[in-house]
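Me: Hi! I'm new to this one and would like a friendly walk through it. Could you take a look with me?

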Amino acid sequence: MSLITKFLSTLLHRREAGIAVMIVLLALVVGAIQPRFLTLETLRIIALAIPLILIAAMGQMMVLVARHVDLSIGSILAFSSIIAGIMFRDLPDVPIIISIVAAIACGGALGFANGVIVTLFRLPSIIVTLGTLSLYRGLVFLVSGARQVDPQYIPRSLIEMSQTSPIFGIPWIVILAFVIALLTYFFLDHVRLGRQIYALGSNPVAAPLRGIKVVPLTILVFTMSGALAGLTGIIYASRFGYVNPGITGVGFEFTVIAAVVIGGVSINGGVGTVLGTVLGVILLGMVNVALPLLGVSAFWQDVIYGAVIVIALLIDKSVRDRSARALAAARSAA
Amino acid sequence: MADAPLIAARGISKQFAGVEVLSDVDLDLMAGEIHALLGENGAGKSTFAKILAGVHRPTRGTLALNGQPVEVNNPTTAQRLGITLIHQEPISFPDMSVAENLVLGRTDSALLGRVPWAEMEQGAKDLMTQLGVRIDVTKPMRGLSIADQQMVEIARALASDSRLIIMDEPTAPLTPKEVDTLFKIARRLRDEGRTIIFISHRLEEVQALCDRATIFRDGALVDTVDVVDVTDEDIIKLMIGRPLRELIHKTGSEIGEVALEVSGLSQPGMFKNISFSVRKGEIVGLAGLVGAGRTDVARAIFGVAPAQSGTINVNGAPVTIAEPSDAIDLGLAFVPEDRAVAGIFKTLSVEHNITATVPGKIAPRGFISRGIEKALTAQSVKQLRIRLASVRQPIGELSGGNQQKAILARWLHTDPQILILDEPTRGIDIGVKAEFYDMIGKLAADGRAILLISSELPELLALCDRILVMAEGELTADLLRADATQETIMHAAVPKTGNHAQESAA
């Protein structure tokens, strides 16, 4: 086999290639119906839709790889966002960066709490984080007195993060999101601790037998997911310019989980790449922007997200079944 | 063999929840020997091996490695000391590459250190070359056969330069050819001066491979022998405390009318033209190689997958069995081969499992009576000597033999006149097997007709009045017990057409 055909076959067998093809197809189809989709302006809108999902998706991906799930990220996002907002409003003398760090730390703390409950009481994370999804949202209302933080209190410099660009017209928040994706890639693929997350999700029974410290590792994963959701809360304030206890981050977990699962991260743990997740986020971001352009009602968005999750799971399962069959066939032929 | 032992275990004891499962084991393992640990399930051999590997910690006792006392607190310590346990179904990380599986858990670099991908893959390739096996180390573990996964585990033992490699029933899931390869490698490792502990139920493998054998019974070390000095018979005697022959009693039972008669039973692709009869009080064996179609015939008779053509008579009258409930109504019972798949309701209590076939009995007025349920279960537990903590515990917690007894109990409550048993003693201890043989004999003595499918020839020869043999879906012999020997049965069981494909596919 020549190098080129070998390269092509690896490409075709990789999940990432499939998503990339879907992204191109979607762009062409939507562009054919609505030429406005293929303009620089649309590209900018899509690019701005990505950071919010991407940063939280990096955290969620690590949680899924570890064979857990974090449903509480929408509420963590809101909590961090409201803490930052209240600090901006009520403590105008505190430097902005302090408020931002405090908000991320709050996210990390809530994630830490998730991890502690899951590991200490050996409870399924899907149920624990379903509980904290509601619990943390309640905290948001309590600390804010159910009051929105209005746009005039959000610092100018923060809002400009979404509008100004250091290079090629790419906004700061987009660059930040991709830097985080790059760091996550490095951590998961080239650092021993990152590989242990894959090992944990691939076989939770074997992991402790190989000396992997399951409890701290699991807590770490949830803490990172929480901190990244917290950072997303800051980006949210930057993008939308207000924080509302009853709106901010509601349903956000579905968007993120959809993107991650589309990206080929297995809900059975142990499988998933940063590249796949990034492509999944881009695909979902495109769908987000394409729907209104095509005149599809916003009500349909939830339907489409839900359908997309289910379809991605079906694809995941059929890929796994097919590769299991192929392996069995190869084995009996040998 | 060196003079000083590699491992010296003294007074090793282990309690689980107050129950002593291992008591005062003294054992020396020499460098450069293959040492078998033998015993029934629960005899303590696996517990002892797991203590050596740091999976369990002993309640009492000491271990010395090359004369130095050591504490093996966990598997990581064990690995650092050069002790590796290889599980039957290797514990690996299926989504990760072979190379990565080899190094995972090594503690020679910092947690936040870089993963040396290239170096790691080269090291893995070298190990595979050293073992003489061809495994692509960049492929995920998931794609490997069990045999190759075991090889990876052995490679891992070599990577940490293990002096003691413990193989826990490694051959059970392997094909004969894979077993050969494993033995070849095991011998080579021994010749390099490493020690191998080999846990197996297959005595012929112990004879073929091992230098010495230690036999455990009821948590105690019974004896350590040189394998060349003993026969299988001797070993079995040590394992169960009495010779196998004494375990098998055939209660003389009176043979009566024909209870079950099948004629011309055919199912394309599975079996054809099967005709035989079983009389009341008679135990008829059904022998054959795996894939000969024995289970398919049983399933056809019981209505799980009815035959396309042929007739079934019960007590002399022709009957139609379209589904299992028809068979149950006619007084048939079928204890299937794979209890985990087709037999038990794993998460339900022993009680519910035992009474599952008789809803009418336990709920006479449509509501389940706890009293009747309890009474029926108590009766079974006593009659079949089922060992359990409580009748309300999930059946999945019982040992294999006791699960099998519970399944049998379930069918006995339907008071069957015709009992089909498919490999009833597979995977259960010799001691419990003896109880089963007893029970089967008694059931026949009570006038029941029994069709016994088994792959264990000694079992068939000891229990059955007649033995039928199947090969490639056809009945090839019908032997009276007096005429049946292992040779006559095997002669009839081996396919004559030279078409082995069907058999190996099963």
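This is a predicted model: local features need pLDDT of at least 70, side-chain atom pairs count only at pLDDT 80 or more; totals for chains, interfaces and linings use all residues.

Me: Thanks! Back to β18(B): how many bridges join β17 of chain B to it?
Reply: Five bridges join β17 (residues 418-422) to β18(B), and the two run parallel. Two strands count as paired if DSSP finds at least two bridges between them.

Me: And how many from β13 of chain B?
Reply: Four bridges link β13 (residues 283-288) to β18(B), again in parallel. B:G285 stands opposite B:L452 there.

Me: Is β18 of chain B mostly covered or uncovered?
Reply: β18 (residues 449-453) is mostly covered, with five of its five residues buried. Buried means that 20 or more other C-beta atoms, placed from the backbone, lie within 10 Å of the residue's own; 12 or fewer makes it exposed, and in between it is partly exposed. B:A449, B:L451 and B:I453 point one way, while B:I450 and B:L452 point the other way.

Me: Switching topic: which strands form the open sheet in chain B?
Reply: Four strands do, in the order β12-β11-β14-β15, with antiparallel pairing. β12 (271-279) and β15 (317-319) are at the edges with a single partner strand each, so one side of each has no neighbour in the sheet. The twist averages 20 degrees from one strand to the next; axes are lines fitted to C-alpha atoms, for helices over the stretch in contact, and angles run from 0 to 180 degrees between N-to-C directions.

Me: What packs on that sheet?
Reply: Helix α9 (residues 294-302) of chain B does, touching β11, β12 and β14 of chain B. Its direction makes about 115 degrees with that of β11(B). Touching, or being in contact, means C-beta atoms placed from the backbone lie within 7 Å.

Me: And chain A, how many helices and strands does that have?
Reply: Chain A comes to 14 helices and zero strands. Its C-alpha trace spans about 70 × 55 × 35 Å along the principal axes, and 44% of its 334 residues count as buried.

Me: Which residues have the most contacts inside the largest nonpolar core?
Reply: They are A:I53, A:L54 and A:A57, in a core of 155 residues. Helix α3 (residues 40-65) of chain A gives the most to this core, with 14 residues. A nonpolar core is a set of buried Ala, Val, Leu, Ile, Met, Phe, Trp, Tyr and Cys residues joined through C-beta atoms within 7 Å.

Me: Last one: how many residues of chain A are in contact with chain B?
Reply: 19 residues of chain A are in contact with 20 residues of chain B. On the side of chain A that touches chain B, α9(A) gives the most, with six residues.

Methods. Residues are numbered from 1 along each chain as its sequence is written. Chains are lettered from A and ligands numbered from 1 in the order in which they are written. Two residues are in contact if their C-beta atoms, placed from the backbone, lie within 7 Å.
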